[in-house]
Amino acid sequence: MSSYKTFASFYDRLTENVDYKVRSEYISNFFSQAESESNAVLDLACGTGSLSKFFSDMGYSVTGIDISEEMLNEACAKEINNAVFIKGDITDFKLPYSCGFCICSLDSINHLDSIESIKKCFLCVAQALEKGGIFVFDVNTEYKHKNILGNNTFVFDEDDFFLSWDNELNEDNSVNIFLDFFVFNGKSYDRFSESFTEYVYDSKELEKLLELCGFQVIGVYDELTLNPPESNSERIYYVCKRK
């Protein structure tokens, strides 16, 4: 999906259950392992800038990249200090400066449709980071796709909109996600439909690709812990250092 469009307007409300403060603190704890003295953070697929804001509040200088203009408009409206937002493709970008840290959160990697696309992303990150810089990202697991997302439907019924979120599990365990928004216009409801797909990637394949792209894998953890992933882990974090 090249742009979230309608989804962007409601994204923050639909993700109110995400504790961005806890997530940003968890990620930043890994920054102490960096060899770089830079305080610049690259926030890939930054969306509406919720994580960018907390990193800015912690004193980091933030560059957010996202392909969705609508998401970036939401991020810019937050007027985050020491943050700049750029419309761009996370598989094809180049910064005019280097960063000490890079993050890519909330299963954004799962939106890339091939291992070749992920390789392009990792190579861009390697180019953007200083030597010894830290790259932290997460992915949704096969378990989550099969057992949590699956062929399930989720409904959000709010005062000003209604959302039907329908998932379709494919044979390769990717999940097609169909969003139907019914937005109240004061008299009736306008319908907006969007869709995208999340893909599953094998952990060992990702680790080999990271090494190939110039990273040392420091750790692979169950979500928001320092524990190794379990068979029922829903999200896995990867912590890597630029060689």
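Me: Which residues of H5 are buried?

Reply: Keep in mind that we're looking at a predicted model. In H5, the buried ones are Ser117, Ile118, Cys121, Phe122, Cys124, Val125, Ala126 and Ala128.

Me: Why would residues three or four places apart point the same way?

Reply: An α-helix has 3.6 residues a turn, so residues three or four places apart end up pointing the same way. Now go back to the helix here: Ile118, Cys121, Phe122 and Val125 are among the buried residues of H5.

Me: What covers the buried residues of H5?

Reply: Look for contacts with other elements. The cover includes strands S1 (40-44), S4 (99-104), S5 (129-140), S10 (215-222) and S11 (235-242), along with helix H7 (203-212).

Me: How far apart should the ends of helix H5 be?

Reply: Count 1.5 Å a residue: the 14 residues of H5 (residues 115-128) should span 20 Å. The end C-alpha atoms of H5 are 20 Å apart, which agrees.

Me: Let's zoom out. How many helices and strands does the protein chain have?

Reply: Seven helices and 11 strands. The radius of gyration of the chain is 18 Å, close to the 18 Å from the globule rule for 243 residues, so the chain is as compact as a globular protein of that length.

Me: What share of the residues counts as buried?

Reply: For the protein chain, 52% of the 243 residues. As for contacts between residues at least 6 apart in sequence, 63% of them join residues at least 24 apart.

Me: And how many positive and negative side chains are there?

Reply: The protein chain has 21 positive and 41 negative ones, and the centres of the two sets lie 6 Å apart.

Methods
Residues numbered from 1 in each chain as written. Predicted model: local features only at pLDDT ≥ 70, side-chain atom pairs only at ≥ 80, totals over all residues. Heavy atoms only, no water. Helix = DSSP H or I, 4+ residues; strand = E, 2+ residues; numbered from the N terminus. Rg over C-alpha atoms; globule rule 2.2 N^0.38 Å. Buried < 20%, exposed > 50% of the residue type's maximum accessible area, 1.4 Å probe, protein only. Contact = heavy atoms within 4.5 Å. Lys, Arg positive; Asp, Glu negative; His and termini not counted. Charge placed at Lys NZ, Arg CZ, Asp CG, Glu CD. Expected span 1.5 Å × (residues − 1).
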